[in-house]
Every structure is written in structure tokens, then in C-alpha cells.
Amino acid sequence: MVANDATVQAVTVPRLGLTAANFWSSGSITVPGSERTLSVSGPAAVVVRHRNDELVIGVADPSRTQETVTVEYEHYTDGIVSTDSAVGVTQFRPGVTMEVAVGGTRGATHSATFDAPVTELSPRADTFVRDGSYSGDNYGSWSSLVVKGGPTGYSRESYLAFDLASVAGEVQEAVLDVYGAVTDDNGGASVDCTVAAVDDDSWTEDGLTWDTKPDLGSSLGSLTVTRERRWWREDVTEFVQTAASGDGIASVALRQPNDERYASFDSREADENPPSLRVTTSRPDTTALTPTADTFVRDGSYSGDNYGSWSSLVVKNAATDYSRQGYLTFDLSALSGSIDEAVLYLYGAVTDDSGGDAVDCAINAVGDDSWTESGLTWDTKPDLGSALGSVTVTRTPQWWTVDVTEFVQSEAGGDGVVSLAVQQPQSGLYTDFNSRDADEKVPTLRVQTS
Ligand SMILES: [Ca+2]
Ligand SMILES: [Ca+2]
Ligand SMILES: [Ca+2]
């Protein structure tokens, strides 16, 4: 149970990567130990599930009282896999923000799925050590990891080492999970157990003793462990990032610097609930390309003008003088391997002054790459090739994605430069996408290779 009050009731099941929350009003919860918050702008039932490299967020408004609910989850994702049409993703990295149009949907659940590769590691070694007359003893084969402060002869510290070799991609988040409780005979409801960095990874599971234990580094956080047997989590992202770019082994220790209350956690030898390190990474072999050039062009009396330095790509199909089309170029030369998938990400919305809330925007192939950002005009624009896909853009600013895999594959095998156009096939609405000259949320071609 994460929360149970007038605002929210929530539960989390770390082993299933699952958190479920019923918010009775706007509010937020912090998923225990991870320091990651889940917040909503109004009443909503939210289910978050992170398994098998996918983070799924489902949202419903059982109260049926709202038009939209904003949901924020402070968790890294690397890209958007799919969204329900009622869900607008306004941010997916470094955390998720989504606008969910719950109005008129009779309390139905709307969900979005994100790419969030996760590697769950078991310790390569774990043990505890004990001081005083036990200082030469090793407990590496025990099914528990004991932690206790206190007078000489009673102090225990636990050590865990994780091998990061199987973690591919850049580490974005890392959470240590240990399962256990305070079991002290002498009373006391809870105890603070500090998680400390250990720089020396040369210790072994069957060799480590109090006499030989390595020095402890900085504190990575503290777990306030109670008598309830459950999972305890600590965000150790920065430490694991450092270890991943260093020797590839992350060792940590658990100790009680200020208390002496026997706490016992399941070790990797336990029948169930062994410690784990959950590492979320960027997708290995995925490259996010930004345009090497982008601009839009306008017809009629503006047909000789260039808009290459604008922070937006304006698109509209209308009467003469009011039509605009966007153009983008991506350079594939930094990629290696073969291309499995290429998805264009554009951020924007319909901002037309007249009526109409949604408009189809098509992405077309452009064969001629010789145009320049500062030179292209309506008069000089290249011919449009075939339509590769389209999106129905609404007034809610968000990321729009179009799969352009086949064209990018063919260009990779050709001149290595991908030019695309954005245009409205039918009479349209003023639509404003961020260009590469915007401060954030610039166009991106997300390419997976192998
Ligand atoms: Ca062990
Ligand atoms: Ca530009
Ligand atoms: Ca080309």
C-alpha cells in the first residue's frame, strides 16, 4: 500500500512492475523509494505497468466529470510505441506527461505504451559480515542478509554486487529492490538502513568478512524499514551510471549508522524474493536523428519567401496566399547496420483561428535533397513523392508519430539523405509543428538498427 487517504488509494507490486492508484481529486503519489512521482490533474484511476521493455499507462475517469486529465509519471521512456486516440503524449523523455481526453467516454480506460527497456539483475554476490568475535566469519551462503548497528559483536553490514555486463544501452534509471523487515526481539517499529556505495568490487561472496570488508563510499539513500515484510526500494541511478561507464560492477552496502535493530532481507540464496537491480536504459541500437535542415514554404504573393529560421513548421492547405508545406531533411550517415524501423516524431497542434478541431497531415517522400534550409521557397520546392502515412492532428499540442521505415530503408541504400514533406491533402487548418530551431521538442527521426 503506497497511499490510503482522502486524495488517493494506491498499491504497488514491484515484482510485477505494477502500480495502481485511485485518485479522488488532483494529487500525486511517490512510488516508494524510487522518488518518482505519479500525479494527476483531477479524479482518475491510473494503472502503470512496466514489464518486458514496455511501460504502459492506463487512465480512466470513473467519476465521468471531466473533459481531460493530465497525468505525469516521472519515469524515463525512450519512445512512444502506441497511443489510444484519446491520449496525447506531450512528453515521453525524461518523464511522461499525457493529456487524456476522458470526456464522453463513459469511464473507459485509455492507454499509451512506451518503449522503456528494462534489465532486471540478480546479485552476482551477496553476503553480510559481523564484527567482534565473528569478524573472521563469512555468511555468503545464508538465505538472508542481516543488517544491524550496535555494540561490538552485534553489528552486521550487508554487501551486494551486480554485474552490469548484460545491460545494453545507456543507463537512465536504476532501482535497488530488497525484500525483508525488521525482526528484532527488542521492539521498535522501524529502522533506517543506509544504502552506501562500495567502490572496491574485489570482495567475494564466500570470502568477505568484517576484517576484510571494503571501505564504504557515499550514501546513496536510506530505507526506513518496518516490521512489515515487503519490498524496499532505493533509487541508485547515478551510482549505477558511474559504475556502468567504469568497471561494470556495482557494489553497494546496507548498514545502520544510527540504530541497532535487527533487520533481515532475503539474499540471492533465498527461495523467493532475492534482491534485484532494475535498470531502465535507452533502447540500444536506436538513434534519434534531428533534421539537418527544415523549413516551410508559402504560396501566392509569399512564394519567393523563405522561413528556414522560424521555430515552427507551418502547414495549411487553403486558398492562394494561405497554403504552407513543411520540409525536413535527415542525414543517415551516422547510422550503421541495417534499419529495422524509422519513425518520424513531430510536436505540434492545430492553432487555426477558424473552426475545426482536427486535420489530416500527410508525410510525403521527397526525392530531391538539393534544397537548402535558407533557400527553399514555394517557387523552388521539389516535387512531392508518395504519401508515407498521415496523422490526424488536433488542438492539443503533443507528439505525432508516423512510421516511415520503408522510405528510410530505401534512402539508406541510396544517397543516405532522407527528405520528407508535411502537407495537408485536403482543405486544411493552420497547424504549427516545432522546427529544429525551436528550443525543445524538435522534429526527430527515431531509427532502430541491428
Ligand atoms: Ca549470498
Ligand atoms: Ca529551420
Ligand atoms: Ca534522398
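T30 stands opposite T37 of strand β5. The model is predicted. β4 and β5 (residues 36-40) pair in the antiparallel sense, over five bridges.

**The five-stranded sheet**

β4 and β5 belong to an open sheet of five strands. The order is β4-β5-β8-β11-β10, and the pairing is antiparallel. β4 (27-31) and β10 (87-91) stand at the edges. Each has a single partner strand, so one side of each is left without a neighbour in the sheet. Neighbouring strands of this sheet are turned against each other by 15° on average, direction ignored. Strands of a sheet pair through backbone hydrogen bonds, either parallel or antiparallel.

**The chain as a whole**

The secondary structure of the protein chain comes to two helices and 34 strands. The C-alpha trace spans about 90 × 50 × 30 Å along its principal axes. Of the 450 residues, 43% are buried. Take the contacts in the chain with a separation of 6 or more: residues 24 or more positions apart account for 73% of them.

The chain is divided into three parts, as the table shows.

| Domain | Residues |
|---|---|
| Domain 1 | 3-116 |
| Domain 2 | 120-281 |
| Domain 3 | 286-449 |

The centres of domain 2 and domain 3, taken over C-alpha atoms, are separated by 51 Å.

**Helix α2**

Helix α2 covers residues 405-412. Which of its residues are buried? They are F407, V408, E411 and A412. Seen down the axis of α2, these buried residues fall within an arc of 135°, so they line one face of the helix. What lies over them? The cover includes strands β28 (339-350), β29 (358-366) and β30 (387-394). β32 (417-423) and β34 (444-449) are also part of that cover.

**An exposed loop residue**

Where is E228 found? E228 sits in the loop between β19 (219-226) and β20 (230-235). Is E228 buried or exposed? E228 counts as exposed, because there are 12 C-beta neighbours inside 10 Å. A residue with 12 or fewer such neighbours is classed that way. T183 is 45 residues from E228 in sequence. In space, the two are 9.2 Å apart, C-alpha to C-alpha.

**In brief**

T30 of the chain faces T37 in β5, and β4 is an edge strand of its sheet. Helix α2 has its buried residues along one face.

Key
Residues are numbered from 1 along each chain as its sequence is written. Chains are lettered from A and ligands numbered from 1 in the order in which they are written. This is a predicted model: local features need pLDDT of at least 70, side-chain atom pairs count only at pLDDT 80 or more; totals for chains, interfaces and linings use all residues. A residue is buried if 20 or more other C-beta atoms lie within 10 Å of its own, exposed if 12 or fewer, and partly exposed in between; C-beta atoms are placed from the backbone. Helices (H or I, at least four residues) and strands (E, at least two) are DSSP runs, numbered from the N terminus. The arc is that of the directions from the helix axis to the C-beta atoms. Two residues are in contact if their C-beta atoms, placed from the backbone, lie within 7 Å. Domain bounds come from an automatic or database domain assignment. Two strands pair if DSSP finds at least two bridges between them. Axes are lines fitted to C-alpha atoms, for helices over the stretch in contact, and angles run from 0 to 180 degrees between N-to-C directions.
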